[in-house]
Amino acid sequence: MNLNQITIPSLDVTTATEFYKKLGLILIVDALPRYVRFECPNGESTMSIHLVENLPKGDGVSVYFENENLDEVVSSLKEKGITFTSEPEDKPWLWREAHLNDPDGNHIILF
């Protein structure tokens with residue numbers, strides 16, 4: 001089994017699109033303002049964003065993106081205006097991660 005794609009909700013797909021482009025995802029389907037789909041620069045999985053009237057309640061969505069050089073990626077994204085909720089940190093489960101939220105509050109973890 002291979003993960004083909006994940007779809008996340010957004011109240012403003014246009015704003016979310018610009019955010020994920022800053023993260024480095026490549027826009028492959030543009031049906032703004034209701035839907036977009038991205039591919040990652042590495043790997044085969046894709047991620048899409050669809051317009052919703054209401055965001056999910058509770059913990060919502062968490063999306064993990066793996067990076068070769070986390071500290072450099074975080075530094076580069078900060079220069080582009082991305083705000084992080086936590087700096088890169090070594091975790092007891094033996095990887096390093098940094099946390100941020102997309103414009104809709106979806107939890108993004110770079111590791």
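1. Basis. In this predicted model, local features need pLDDT of at least 70 and side-chain atom pairs count only at pLDDT 80 or more, while totals for chains, interfaces and linings use all residues. Residues are numbered from 1 along each chain as its sequence is written, and side-chain values use heavy atoms, with hydrogens and water left out.

2. Helix α1. This helix spans residues 13-23, and Val13, Ala16, Thr17, Phe19, Tyr20 and Leu23 in it are buried (under 20% relative accessible area, 1.4 Å probe, protein chains only). They lie on the same side of α1, because they cover an arc of only 165 degrees around the axis, taken from the directions from the helix axis to the C-beta atoms. Helices are DSSP runs of H or I with at least four residues, and strands are runs of E with at least two.

3. Ends of α1. Aspartate 12 caps the N-terminal end, with a side-chain oxygen 3.2 Å from the backbone nitrogen of threonine 14. Just after the helix, glycine 24 has a positive phi of about 110 degrees.

4. Sheet. Four strands form an open sheet in the order β1-β4-β3-β2, with mixed pairing (strands pair if DSSP finds at least two bridges between them). β1 (5-10) and β2 (26-31) are the edge strands. β2 pairs with β3 (residues 35-39) in the antiparallel sense over five bridges, and valine 29 stands opposite arginine 37 in β3.

5. Threonine 7. This residue is found in strand β1. Threonine 7 touches Ser48 and His50, leaving aside residues up to four places away in sequence (contact: heavy atoms within 4.5 Å).

Conventions
Buried means under 20% relative accessible area, exposed over 50%, partly exposed in between (1.4 Å probe, protein chains only). A polar contact is a pair of N or O atoms within 3.5 Å; within protein, one must be able to donate a hydrogen and the other to accept it, and residues adjacent in sequence count only if both atoms are side-chain atoms.
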